[in-house]
Amino acid sequence: MEGRLYWSSMEKDKEKMTLTNRQGHPISDNQNIRTIGNRGPSTLENYHFIEKISHFDRERIPERVVHARGAGAHGYFEAYGKAGGEPIAKYTRAKLFQEAGKRTPVFVRFSTVVHGGHSPETFRDPRGFAAKFYTEDGNWDLVGNNLKIFFIRDPLKFPDMVHAFRPDPVTNLQNPERFFDFVSNSPEATHMVTFLYSPWGIPANYRQMQGSGVNTYKWVNQAGEAVLVKYHWEPLKQGIKNLTQKEADAIQAKTTSHATQDLYEAIERGDYPEWELCVQIMSDDEHPELDFDPLDPTKLWDHEQFPFLPVGKMVLDRNPENYFAEVEQAAFGTGVLVDGLDFSDDKLLQGRTFSYSDTQRYRVGTNYLQLPINAPKTHVATNQRDGQMAYMVDRAPGQNPHVNYEPSSLGGLKEATPPGKEHQPTYNDKLVREKISRPNDFTQAGETYRKFEDWERDELIYNLVNALKICKPVIQQTMIDHFTKADPDYGRRVAEGLAQAKVDSDHLGSDSLRDGADLAQRSGQRTDGY
């Protein structure tokens, strides 16, 4: 008994700040999921990750944990039948791409990421760009953002990232110190921060922004041969337009829903937005000649070395008839692929693939795929039964209703004939928890900074200084170090801006929140009660 008390008084004090999971197991690595080699793929027995991400998926009821604020529209995708100038069958056997002029119905949902369903659409935030293709082989979901990269490369960090970006759990106020506390300790985020705090962090509307699948996928041809691929949506006729912070503030003073209104009204008047789907293709190997890993979602592929190849265009030409039934209940997942499309070993992609569908089963319901907006427009026959809100049985014509299993000799469902040779990548490596070998966290951030126009760099520095000036010195200095490693001029300008900025350490939330609260305190007219 004395031994237990001694352990309680000594060891518990020592261990009280040690991170554990909910089973009380100490977590010695909260940065990397377990993968075969440091490039992946991941394994299903990542208990800490699965517990962490599945709890995160259930944090909010009923709106989405992320991407809660959104708008959507129906339309079609028209294939070119080629990837650039070559027949697309060279790279993929996916049927929707093969025939020039072939049209596939689509539903697209645009969104902001961090804040709730009624938050302003002018907030500095990535924008979601999720497209559901209702193909003849079932649904394909291409789920991405307007920016072509991301903050992190390991899915184990995703719940922490979103927690840091959302309002303080005590004050419920947005606080950039929390954001920069996280990204200053995650140097791989430097590139994304550079985009986010530039004008690219506030697209003018949903119609005039790019889209990207962000992650690296694979295409597979009839012979089972694979290539690595990245997807990009490029606005065709409407062009690209971004906002400065002052322009966004002026819009927000008048409306919090400008992008939703813009999309709806454009389609109503027949000004249908169009995007061209382009792909970048790379051979399926590690590419040691590059100074980064092609599976790293914090990196861009150089478009001169790996050009954008047009494969089709998308037109949005019909508004939803009911917002809740279509836009709010639309459910997407990165694991929703059709034959000829496949996963790469991108760790973040593999984590998203579990998380997205798990979230939809919790948020919308076990049978969310029976809802019209989510249901494929082709044959569905499964042995999945029952569950909350089941209103039909996915049974084939002539299927024995007593048989809800496979295999069976009593009139049950049969396996399909393979449509082509299966892609079978080979692995021979240790099962490890490691960061990738070529993180190179700062080079591309510097390249992006130098490619910005002068006014974009000015806006970037202005926005960063405005946000960082209320952060603690250790956070400021770490971010300056990161920016300097990206580009010496970048770091110097942020450091000089912070040195000149008026710093008020007595703050709750962001600088603009404090200014707004002060303005409200000084404004208004006193009156007697009634």
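Which residue does the side chain of Arg-492 meet in a salt bridge? The partner is Asp-489, with N and O 2.4 Å apart. By salt bridge I mean a side-chain nitrogen of Lys or Arg within 4 Å of a carboxyl oxygen of Asp or Glu. I will come back to that pair after some background.

This is a predicted model, in which local features need pLDDT of at least 70 and side-chain atom pairs count only at pLDDT 80 or more, while totals for chains, interfaces and linings use all residues. Residues are numbered from 1 along each chain as its sequence is written, and side-chain values use heavy atoms, with hydrogens and water left out.

First, the chain as a whole. Its secondary structure comes to 15 helices and 14 strands. These are DSSP runs numbered from the N terminus: helices are H or I with at least four residues, strands are E with at least two. The radius of gyration is 25 Å, close to the 24 Å that the globule rule gives for 530 residues, so the chain is as compact as a globular protein of that length. That radius is taken over C-alpha atoms, and the rule is 2.2 Å times the number of residues to the power 0.38. Along the principal axes, the C-alpha atoms fill a box of roughly 75 × 75 × 70 Å.

Of the 530 residues, 54% count as buried. Buried means under 20% relative accessible area, exposed means over 50%, and partly exposed is in between, with a 1.4 Å probe and protein chains only. The accessible surface comes to about 26,000 Å², and 52% of it belongs to carbon and sulfur atoms. Those areas come from the Shrake-Rupley method with a 1.4 Å probe; for residues, only the protein chains shown count as cover. As for contacts with a separation of 6 or more, 75% are between residues 24 or more positions apart. A contact here means heavy atoms within 4.5 Å.

Next, a run of paired strands. Two strands pair if DSSP finds at least two bridges between them. Strand 2, residues 70-79, is joined to strand 5 by nine bridges, and the two run antiparallel. Within that pairing, Gly-70 stands opposite Ser-111. Strand 5 covers residues 103-112, and eight of its 10 residues are buried.

Strand 5 also pairs with strand 6, residues 127-135, through seven bridges, again antiparallel. Phe-110 has Phe-129 as its bridge partner in strand 6, and Val-108 has Ala-131.

How many of the nine residues of strand 6 are buried? Nine are, so the strand is largely enclosed by the rest of the structure. In a regular strand the side chains alternate between the two faces of the sheet. Here, Arg-127, Phe-129, Ala-131, Phe-133 and Thr-135 point one way, while Gly-128, Ala-130, Lys-132 and Tyr-134 point the other way.

On to strand 7, which a hairpin of two residues joins to strand 6. Eight bridges hold this antiparallel pair, and in it Lys-132 stands opposite Asp-141.

Now back to salt bridges, of which there are 27 by this rule. Arg-492 and Asp-489 are three residues apart in helix 14, residues 488-500, so about one helical turn separates them. Both are partly exposed: Arg-492 has a relative accessible area of 39%, and Asp-489 has 29%.

Other pairs reach across the sequence. Arg-153 forms a salt bridge with Asp-441, the closest N and O atoms being 2.8 Å apart. Arg-153 sits in the loop between strand 7 and helix 4, and Asp-441 in the loop between strand 14 and helix 11, 288 residues apart. Arg-153 counts as buried at 8% relative accessibility, and so does Asp-441 at 11%.

Glu-177 and Lys-472 also meet through their side chains, at 3.3 Å from N to O. Glu-177 lies in helix 5 and Lys-472 in the loop between helix 12 and helix 13, so the pair ties together parts that are 295 residues apart in sequence. In this pair Glu-177 is buried, at 13%, whereas Lys-472 is partly exposed, at 48%.

Last, there is a network of salt bridges that links Arg-207, Lys-237, Asp-262, Arg-269 and Asp-271. That is the end of my list.
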